[in-house]
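Here are some notes on the model you sent over. Have the structure open next to you while you read.

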Amino acid sequence: QVQLAESGGGLVQPGGSLRLSCGASGRILRINTMAWYRQAPGKQRELVAAITRGGSTNYPDSVKGRFTISRGNAENTVFLQMNSLKPEDTAVYYCNAGVQDTITYIEHNYWGQGTQVTVSS
């Protein structure tokens, strides 16, 4: 089993910044792509940012230039730096990781519990 734990959410004013963190623990051989998704009330979950093991990143146009995803030196951590936040960024943010199992070598997809980000004055 693998657990993902997010932290760093909270309330911030428009134009402000937040940094989200996510750490993976458990039966991990290797973590491939890590990503952040978000889900606002009444909307579908959407990709916010993704980063491959090699460091390639992907962002939707809605956050490009404002959000930056990065991986820690330990490789089992991922961060999301969010700048110039807007009220429409308000959502629950979820960490996601593709993890290869130590015994089966099969990759499974895992989700964190989510952390609330609220952008409001």
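1. A contact here means heavy atoms within 4.5 Å. By that count, residues 24 or more positions apart account for 55% of the contacts in the chain with a separation of 6 or more.

2. Before going on, keep in mind that this is a predicted model, where local features need pLDDT of at least 70, side-chain atom pairs count only at pLDDT 80 or more, and totals for chains, interfaces and linings use all residues. Numbering starts from 1 along each chain as its sequence is written, and side-chain values use heavy atoms, with hydrogens and water left out.

3. What does the secondary structure of the chain come to? You get 0 helices and 11 strands, with helices (H or I, at least four residues) and strands (E, at least two) taken as DSSP runs and numbered from the N terminus. The radius of gyration, taken over C-alpha atoms, is 14 Å, close to the 14 Å that the globule rule (2.2 Å times the number of residues to the power 0.38) gives for 121 residues, so the chain is as compact as a globular protein of that length. Along the principal axes, the C-alpha atoms fill a box of roughly 50 × 25 × 25 Å.

4. On burial, I use under 20% relative accessible area for buried, over 50% for exposed and partly exposed in between (1.4 Å probe, protein chains only). Buried residues make up 40% of the 121 residues.

5. Which strands pair with strand 11? Pairing needs at least two bridges found by DSSP between the two strands. Strand 2 (residues 10-12) pairs with strand 11 in the parallel sense over 3 bridges, and Gly-10 stands opposite Val-117. Strand 9 (residues 91-100) runs antiparallel to strand 11, again joined by 3 bridges; here Val-92 stands opposite Gln-116.

6. Also have a look at Gln-100, which sits in strand 9. Is Gln-100 buried or exposed? It counts as buried because its relative accessibility is 12%. Leaving aside residues up to four places away in sequence, Gln-100 touches Arg-27, Ile-28, Leu-29, Arg-30 and Asn-32, as well as Tyr-105, Ile-106 and Glu-107.
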